[in-house]
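Let's take a walk through this model together.

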Amino acid sequence: MNATATPPARRQLQTPQPPASPFPYNPGSLLSVMDLGLPAIGQLLARATALENQDPLTRDRILLKRRIALLFYESSTRTRTSFELAAKSLGADTTLVSSLSSSIEKGETLKDTGLTLRALGAEAIIIRHSSSGAPWLLEQETRLPILNAGDGMHEHPTQALLDLRTILAHIDPSSKAVILSDRGSAPKDCHPERTGPQTALSSLGVVSEGSASRVAAELTSQINEKTLEGVTVTITGDILHSRVARSNMLLLPRLGARVILCGPTQLLPDSAANAGPGITVERDFEAALRQSQVVMMLRIQAERLAGQQIDLAQYKDAYQLTGQRLAAHAPKALVMHPGPIIRGLALTAGVADGPQPAILGQVRHGVAIRMAVVERALLSDRDHS
Ligand code: CP
């Protein structure tokens, strides 16, 4: 090697920033996590906490009698129920239109269904669809605030926000170590700032009524490119078909987290490593576990395999999260799963019922996050900063 040769310039990796909108969205829409700058994410987290802590009898006047339609072309338990509970907690009226019990079954298009819901008085639509991009089409056609509740293999922005809130609720802000709460302990998981140890979430301030705007301002300045610096999150399983993985990959590195993607080539192409800065691919699950404070397990999405055959015995051998693997390689890691969990596939029943999962905590954080997102849909003059 020529010692005097000038080394090639190091490629500068920059955290992707939200692009300019391809068309002017309704200010209340949330289609992608890339719609939100870090200050807007801080504001949503602050509002989630403020709304969660607010007296239900005053909270339900915020969107009193406002009309929200839930338009679900795919099945859902967590997202649909939590959006509905969130909207109702704010006083809104909700109506569910699902593909199996509506004129969608008769062949009505997404455009015509959206226009019909708008004519019926819907002021915002929450949509889940099997086609990637469907929420963008609905936005363009109705100009209503549209909330993406999962579009095909593309994005699930509120899932990534609730996952972020869950991680912040379990991370010590200085050491970045995981703080595991008692399994199933709703108050600690739900309100770590009230009863649990100091976490990144609680360090951002307890919100009491009347102080929400102060805390929103504080949070806005504290959510930054370093909030999750030193935290490694491994996402394991069917990355290829996962909108949850995609939204988390687009969100977590922007706050400084390192994301390791783990799975077989069939479900995780090598090119995934180029998805953005802070993202790497690791095929060896145990090696990934050893590096991680957070382990996010994903379901194999049978409905999107399109004829691909997966050898489940081989898959479990390499990628199932077992009690033995967890104890040996990541005994202190936080285990997450967006659900639905299939016991005995991505993780064993023993792990699911053990002390490390935050799976039900994720569900609870989803209601708070969705209250903030639904409020923003109808009241925000959206600030994309
Ligand atoms: N995490 C999630 O989207 O779950 P559901 O499909 O039950 O809504």
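This is a predicted model: local features need pLDDT of at least 70, side-chain atom pairs count only at pLDDT 80 or more; totals for chains, interfaces and linings use all residues.

## Around the ligand

Residues are numbered from 1 along each chain as its sequence is written, and side-chain values use heavy atoms, with hydrogens and water left out.

A polar backbone atom of Arg78 is 3.0 Å from an oxygen atom of the ligand, while a polar backbone atom of Gly339 is 3.5 Å from a ligand nitrogen. On its own the ligand exposes 250 Å², and the protein buries 91% of that (accessible areas by the Shrake-Rupley method with a 1.4 Å probe).

Who else is in the shell? Ser76, Thr77, Arg78, Thr79, Arg128, His156, Gln159, Pro338 and Gly339 surround the ligand, each having a heavy atom within 4 Å of it. By type, the shell splits into one nonpolar, six polar and two charged residues; here Pro counts as nonpolar, Arg as charged, and Gly as polar.

Gly339 has something else to show: a cis peptide bond joins it to Pro340, with omega at about -5 degrees. Pro340 itself belongs to the loop between strand 9 (334-336) and helix 14 (349-352), where helices (H or I, at least four residues) and strands (E, at least two) are DSSP runs numbered from the N terminus.

Now over to Lys65, in the loop between helix 2 and strand 1. This residue has a positive phi of about 65 degrees although it is not a glycine. Its side chain also meets that of Asp93 in a salt bridge, 3.2 Å from N to O (the cut-off is a side-chain nitrogen of Lys or Arg within 4 Å of a carboxyl oxygen of Asp or Glu). The pair links distant parts of the chain, 28 residues apart, with Asp93 in strand 2 (residues 93-98). In total, the structure holds eleven salt bridges.

Technical notes:
A polar contact is a pair of N or O atoms within 3.5 Å; within protein, one must be able to donate a hydrogen and the other to accept it, and residues adjacent in sequence count only if both atoms are side-chain atoms.
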